[in-house]
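Look at the chain below.

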Amino acid sequence: MHANVKRILVCSAWPYGSGVPHLGNLIGCLLSGDAFTRFYRLAGYEVLHVSGTDAHGTKIEYEAQRLGLTPAELAARVHEEIVRVLQAFEVAIDNYTTTESPVHKEFVTQLFREMEQNGYIFAKDEERAFCQSCGRFLADRFIVGTCPKCGYPYAQGNQCDACGALLEPELLLSPRCAFCGSQEVVRRPTRHWYLDLEKLAPRLLEYVRSRDFQGNVKLFTQRMIEEGLRPRAVTRDLAWGIPAPFRGAEGKVIYVWVEAVLGYVSATIEYFRRRGEEERWKDFWFGDEVWQIYTQGKDNIPFHTVILPALLLASGRPFHLPDQISATEYLSWEGGEQFSKTRRIGVFADEALELLPAVYWRFYLFYNRPETKDAEFSWEEFDKAVNAVLVDNIANFVHRVLSYVWTRYRGVVPDRPTAAEVRERVVGAREEAWSAVRAGQLAPALRAAVRLAEFGNRFFQARAPWQTGDAEAVASAVHLVKALAILLDPFVPMVSREIYGLLGVREPRLVELERDCAGVRLTAQPRPLLAHVDIADLKRRYAMMKEEGLISLEEFQRVDLRVARIVHAEEIPGAEKLLKLLLDLGDRQVQVVAGIRKHYKPEELRGRLVAMVANLKPAVIRGVRSEGMILAASDGTLALVGPDREVEPGTRIR
């Protein structure tokens, strides 16, 4: 980092608007951005932290259709949930916005027009993957297949999650539609607009060589460049997203990843516009007095080291380009399984808060942040980090020291200077943590604080002031407590806030670490900072949470599923979605109200065999008695479920 840097811009990767992030997402993006923000503020820099919900793209459209919602409805709902999670986890973020923001749409549209004017966007007629069964083009996550690079069988149309390769749908081997599972994938002619990465290659290479990228960031970026920078499509045949602003591109949208990464700029613009400082955003995007830090998982590295710089360069404006990419490896669940809400695997951010306060999750995730290799969550490691380190080593040391001051010295720290060995340890821990943070690493910074607490415990026990009356040891121990509060602030701010309050620290800064605490009066009687976590009980509650909504085999067997024939169907006046059906069950006829009017005409249904729940408690719907429920599948369009051959009405479904 240059000596003339005055401002820090922290850019956390944007969570998808399809669902709440899991623990791996959280530590890879927003929690890490939070820690960098807090640490650089402690160092005295002006810091701005921006991110937001990625509301566009095929993932949102796919999930919305599965849930029977519009993409806008799903993205807005998830955005609100994520905001609540960030507040509960106490993530320090100045602007958490969304790609549906008018400011974002305006900026993206303007920038792509500039790129086109500068000759970096061109149109190309081509054939693209098309599902004959669904009747749609299969962009990005709409298509799944085998990665041509590494052989991973579940690669998606835009990227392989296993090896990180950027892909196009047409490159996948054995492709299939993500919606219907059909392998009837053909190619249909269409036109798309491309970013000419090949034309930008010399300037991109110059940029990459000017940055000291480390570890996985360097490996991913070098691999992409060595394989050759080919033009990258920036439009998609989709309805949901930001309309492509090019002539002849009606009905197409900007590819989600090349518009989402521009959200860092638009979020900065939006933040200062709300404050009435229209031009101040430029202080964070132009010139060399700013240092930009990006936090994300390793699968997003190429989009931040190649795609984002390419977009900014192509605009023709002298944007400041990313300086540091702090990318985590993958965090998976026990046994190496990927987090999945639908398969009830792993803890998601909202679930974590139901199980325990955020302070425990924050500490565990930072202490075990996967910075050099993929990691697995384990209850054993959680127990060690939370109970052995956070509670026993840190929290108990703080409480022990401050309680001793309260009882032995009536709440006033002895007027003695800090012991030289303590001062040396405090300065050493600060330098170790600061060095790690500047290198883009957070776990080593936290562990520097942990080692300081370990030293504090040994020091206090060895000097035993309760036996010797050693006032210097007490004053030195309180100095250690204050130092711990400051060094822990980026990771568990709720703990630091409690200590600040007791010691009367109003504006914590790293420089404060060197000042002793002689004569400081405690503001209140200390209380235990944290309680132990009963891991056995936590695992039990986690298991119960995952079993919620599941039914036993015995409960399922109580459901009477039978084949019925539709004898008669008619519309219900005033109910635009409902039809009244008369069903033959062999030994009796029943009346059912079904919400299928928009998908079927009454005359299409008569004589059709369908599956139904025959022992459902009767209900009155819009004044009509309904004595069961017919079954249907929905991928946006309803499809009635029934036998694939003629069977007798009333036949039991097993």
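Q: In which hand does α2 pass α14, left or right?
A: This is a predicted model, in which local features need pLDDT of at least 70, side-chain atom pairs count only at pLDDT 80 or more, and totals for chains, interfaces and linings use all residues. Residues are numbered from 1 along each chain as its sequence is written, and side-chain values use heavy atoms, with hydrogens and water left out. A crossing is left-handed if the near helix is turned anticlockwise from the far one by less than a right angle, and right-handed if clockwise. By that rule, α2 passes α14 in a crossing that is left-handed.

Q: At about what angle do helix α2 and helix α14 pack?
A: Helix α2 covers residues 30–42 and helix α14 covers residues 420–438. Helices (H or I, at least four residues) and strands (E, at least two) are DSSP runs, numbered from the N terminus. Axes are lines fitted to C-alpha atoms, for helices over the stretch in contact, and angles run from 0 to 180 degrees between N-to-C directions. The axes of α2 and α14 are 11 Å apart, and the angle is about 125°.

Q: Which word describes how α2 and α14 lie to each other?
A: Angles under 35 degrees count as roughly parallel, over 145 as roughly antiparallel, 65 to 115 as roughly perpendicular and the rest as oblique. The angle here is about 125°. Therefore α2 and α14 are oblique.

Q: How many nonpolar residues does the contact of α2 with α14 have?
A: Ala, Val, Leu, Ile, Met, Phe, Trp, Tyr, Cys and Pro count as nonpolar, Asp, Glu, Lys and Arg as charged, and the others, Gly among them, as polar. The contact of α2 with α14 has no polar residues and 1 charged residue. The nonpolar count is 6.

Q: Which word describes how α7 lies to α10?
A: Helix α7 (residues 215–226) and helix α10 (residues 301–314) pack with their axes 9 Å apart, at an angle of about 55°. That angle makes α7, relative to α10, oblique.

Q: How many salt bridges does a search of the whole structure find?
A: Side chains of opposite charge can pair when their charged atoms come close. A salt bridge is a side-chain nitrogen of Lys or Arg within 4 Å of a carboxyl oxygen of Asp or Glu. The search finds 47.

Q: How many residues apart in sequence are the parts that D125 and R191 tie together?
A: The side chains of D125 and R191 meet in a salt bridge, 2.8 Å from N to O. D125 lies in strand β4 (residues 121–131) and R191 in strand β9 (residues 185–195), so the pair ties together parts whose separation in sequence is 66 residues.

Q: Is D125 buried or exposed?
A: Buried means under 20% relative accessible area, exposed over 50%, partly exposed in between (1.4 Å probe, protein chains only). R191 has 38% and counts as partly exposed. D125 has 54% relative accessibility, so D125 counts as exposed.

Q: Are K252 and D237 buried or exposed?
A: K252 forms a salt bridge with D237, with the closest N and O atoms 2.4 Å apart. K252 and D237 both lie in the loop between β11 (235–236) and β12 (253–254), so the pair ties together parts 15 residues apart in sequence. Both residues are buried.

Q: Which residues does T109 touch, not counting residues up to four places away in sequence?
A: T109 sits in helix α5 (residues 102–117). Its relative accessibility is 18%, so T109 counts as buried. T109 touches I242 and P245.

Q: What is the relative accessibility of G346?
A: G346 is found in the loop between β15 (331–332) and α11 (349–355). Leaving aside neighbours within four places in sequence, G346 is in contact with W333, F339, E351, Y542 and K546. G346 counts as buried, because its relative accessibility is 0%.

Definitions and conventions
Contact means heavy atoms within 4.5 Å.
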